Amino acid sequence: MSGPRILLAKPGLDGHDRGLKVIAFALREAGAEVIYLGLRQSPAAIVAAAVAEDADLIGVSVLSGAHLPLAGQLMAQRAERGGGHIPVAIGGTIPAEHARRLREMGVDAVYPVGSPLPEVVDGLLRLAGGDGAPAARRAPGKRAGRHGRRAAS
Amino acid sequence: MTACGAGRGSSPVTAGSPGTAPVTTDSGIPVQVVYTAGDLPGGEAALARRLGLPGEPPFTRGPYPTMYRGQLWTMRQFAGFGSPEHTNERFRFLLGQGQTALSVAFDLPTQLGYDSGDPMAAADVGRVGVAIDTADDMAEVFDGIPLDKVSVNFTINATAPIILATYLVAAERSGVPYHALTGTLQNDILKEFLARKAYLYPPGPSLRLVTDVVEFSSRELPRFNPISITGYHAREAGCDAVQELALTMASAIAYCEAFLARGLDFEAFAPRLSFHFATTLDLFEEVAKLRAARRIWHRVATERFGATSPAAARLRFFSGNSGTTLTAQQPLNNVIRSTLQCLGAVLGGAQSIHVMGYDEAYEIPTEEAVTLSLRTQQIIALESGVTRTADPLAGSYFVEALTDEIEARARELMADIDALGGAAAAIEAGIPQRWIAESAYRAEQQLASGERPKVGVNVYADCGGDGPAGPSAPFEVDPLVGERQAERTRTRVAERDPRPQISGLLRLADDTRAGRNVMPALIEAARAGATVGEMAGVFRDAFGEFTEPAPW
């Protein structure tokens with residue numbers, strides 16, 4: 001049984017990727033398969049990749065303060081591109097009030113700066129269904145990545 | 001692993017506890033229980049040679065003989081957001097509060113060559129800095145600020161030549177000649193590929209643009225530092241003090257080689273190189289690092305590049321205090337952290353300092369937070385007494401031993417980078433990026449385990465609740481900035497005389513292709529109202545855009 005497939009990306013122009021890389025490392029160590037899209041990804045590209053890669057979770061990081069418009073675009077793309085079954089988590093410089101608005105948009109988890117790493121990792125794994133559920137959900141033959149970059153697990 | 005409650009949670013391992021691991025600095029250098037004269041090889045005479053006097057080679061003790069007694073460091077809080085007029089207002093406020101020089105933060109679209117109305121820019125206009133689309137915008141940023149009297153730092157890299165051009169046009173319009181302008185352009189593209197990630201064009205053409213700026217500046221801007229070679233971002237991205245130092249020096253070497261290949265004279269450009277380091281929380285390690293930096297640069301300049309004039313071997317630096325060491329939890333604690341960091345920068349002999357706002361984990365600083373940062377600098381300068389003498393920690397057995405050790409380790413790492421083909425080659429191979437990412441991961445694990453104490457986070461943390469409470473009135477950039485900027489630029493573009501603008505851009509394209517220095521064409525285009533997006537677009541057409549390879 002394989003670990004959950006988690007796609008990580010930074011939408012918009014923000015280049016602060018220290019946190020996202022730390023999470024990528026930690027998720028790999030916890031047995032997840034990380035698909036690391038990296039920087040300057042459009043919300044459309046992120047969702048398209050998640051759908052094509054059969055991701056169990058989309059995780060995005062925004063430290064430029066642009067999280068509300070970018071999350072809005074991401075959630076709209078998710079609806080348009082048949083990714084509605086893929087949970088979304090967002091981390092960044094997100095005030096409590098904005099976290100509430102993000103959740104209202106349908107974002108499944110919000111991790112503001114200061115969220116402890118173990119809590120983030122556990123939360124992401126749970127959202128991604130790390131108990132084996134995704135393997136059952138996944139259609140046969142769809143495992144191989146066909147889009148974007150993917151990491152060895 | 002939170003440890004809430006009034007100090008009765010789990011406390012971190014201390015040096016006195018039995019069975020503890022060896023004690024080290026934040027960067028892993030072993031620290032003895034006590035240091036004595038015996039820890040300094042060669043005794044007094046050898047130490048005196050390693051130190052020199054302040055203002056004298058090897059500059060360990062500082063670049064100037066009187067240091068702060070002669071002239072205080074420049075208090076240069078980084079600022080900028082929203083529209084040019086918002087930033088102008090904040091600049092005037094800061095100058096009124098006693099800030100002694102300016103440092104401009106640009107928004108991401110400006111840093112990456114997009115105009116405010118560009119769809120790529122929409123979510124990001126005005127958020128992390130000021131939006132600049134034209135020279136008109138730049139002129140508005142400095143409205144009422146005398147450019148012949150105020151030194152300005154520009155934190156701009158991939159689009160540095162473009163932004164410099166808009167600044168020069170703004171100076172022209174306010175009647176200030178180029179030779180009167182003082183300031184610094186960050187213009188350090190290597191660290192963008194390495195850590196900061198606001199690159200635009202591929203490495204080769206990017207280095208060409210950096211060199212064009214330095215060449216132009218050497219001729220036309222005698223009081224301007226056209227580059228600020230920085231290890232700050234690598235450090236903030238997670239590497240340790242030794243790596244920060246080695247990577248900065250390796251970058252400096254790569255730049256000097258590029259400038260020499262262009263035919264520039266070391267004695268001419270080296271005195272105008274400036275450097276930029278982080279100052280984080282391990283006070284003595286940071287001081288030792290900064291002293292070691294000066295000594296290493298002296299050796300590089302004289303031995304590697306044959307510098308003969310003292311000015312060409314004298315390292316001057318700006319210190320940005322560390323943001324990553326500040327916490328979302330119990331944000332007022334960050335005032336103390338920032339104070340320690342500022343003190344470290346001062347004891348380390350910085351020429352210019354920025355102190356982070358205590359709200360750094362949440363937002364760009366409110367007026368209140370940035371004022372407190374400024375007051376931190378002012379109180380240290382005026383009330384602490386540490387400015388009365390140069391390099392006050394010299395002769396400390398610990399500090400001198402640590403300075404020696406950091407220098408030795410950094411030089412070893414510099415040799416490793418040399419063996420990889422130099423900074424540019426190492427960065428292209430992704431090697432130092434890996435060091436940084438691994439170091440960041442280790443630090444995060446240490447935080448989670450409690451091995452690295454963080455007050456308010458893993459020790460003496462708040463109990464219960466939904467997590468850290470941020471500022472009650474978080475700083476928000478005016479949400480209409482993007483639309484207004486885009487509209488303003490559209491109007492200016494519609495109203496400008498297209499002929500000089502087009503001819504400026506054609507000249508730019510021509511000079512770019514022909515390998516001529518792009519600055520004259522950029523200035524001409526900027527003067528004619530060309531936008532940042534248009535000028536960056538010429539370079540995009542010529543160079544293409546860089547995409548970062550996957551890290552693994």
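This is a predicted model: local features need pLDDT of at least 70, side-chain atom pairs count only at pLDDT 80 or more; totals for chains, interfaces and linings use all residues.
I will start with chain A. Chain A has six helices and five strands. If you read along the sequence, the order is β-α-β-α-β-α-β-α-β-α-α. Chain A has 153 residues, and 58% of them count as buried. Now take the contacts in chain A with a separation of 6 or more: 74% of them are between residues 24 or more positions apart. As for the surface, chain A exposes about 5900 Å², with carbon and sulfur atoms supplying 54% of that area.

Next, chain B. Here the count is 21 helices and 10 strands. Does its radius of gyration agree or disagree with that of a compact globule? A compact globule of 552 residues would have a radius of gyration near 24 Å, and chain B has 23 Å, so the value agrees. Along the principal axes, the C-alpha atoms of chain B fill a box of roughly 80 × 60 × 50 Å.

Of the 552 residues in chain B, 60% are buried. For contacts in chain B with a separation of 6 or more, residues 24 or more positions apart account for 77%. On charge, chain B carries 48 positive and 65 negative side chains. The centres of those two sets lie 5 Å apart.

The largest nonpolar core has 146 residues. Which residues have the most contacts inside it? They are B:F142, B:F154 and B:W297. Helix α10 of chain B, residues 241–261, gives the largest share of this core, with 13 residues. Apart from this core lies another one of 27 residues, among them A:L74, A:V88, A:I90 and A:A99.

Look at B:F142 on the model. Leaving out residues up to four places away in sequence, B:F142 touches B:N88, B:F91, B:L102, B:V104, B:L147, B:V152, B:F154 and B:Y167. Note that B:F154, another of the residues with the most contacts inside the core, is on that list.

A few backbone details come next. The peptide bond from B:P57 to B:P58 is cis, and its omega is near -5°. B:P58 sits in the loop between α1 (43–51) and α2 (67–70) of chain B. B:F59 is also found in the loop between α1 and α2. Its phi is near 65°, a positive value in a residue other than glycine. Is B:F59 buried or exposed? B:F59 has a relative accessible area of 1%, and buried means under 20%, so B:F59 is buried.

B:Q330 is not a glycine either, and its phi is positive, at about 45°. You will find B:Q330 in the loop between β9 (317–321) and α13 (333–347) of chain B.

Setting aside neighbours within four places in sequence, B:G504 is in contact with B:A521, B:E524 and B:A525. How far apart in space are B:G504 and B:E286? From C-alpha to C-alpha they are 47 Å apart, and in sequence they are 218 residues apart.

That is the end of the talk.

Key: Residues are numbered from 1 along each chain as its sequence is written. Chains are lettered from A and ligands numbered from 1 in the order in which they are written. Side-chain values use heavy atoms; hydrogens and water are left out. A nonpolar core is a set of buried Ala, Val, Leu, Ile, Met, Phe, Trp, Tyr and Cys residues joined through side-chain atoms within 4.5 Å. Buried means under 20% relative accessible area, exposed over 50%, partly exposed in between (1.4 Å probe, protein chains only). Helices (H or I, at least four residues) and strands (E, at least two) are DSSP runs, numbered from the N terminus. Contact means heavy atoms within 4.5 Å. The radius of gyration is taken over C-alpha atoms; the globule rule is 2.2 Å times the number of residues to the power 0.38. Lys and Arg count as positive and Asp and Glu as negative; His and the chain ends are not counted. The place of a charge is taken as NZ of Lys, CZ of Arg, CG of Asp or CD of Glu. Accessible areas come from the Shrake-Rupley method with a 1.4 Å probe; for residues, only the protein chains shown count as cover.
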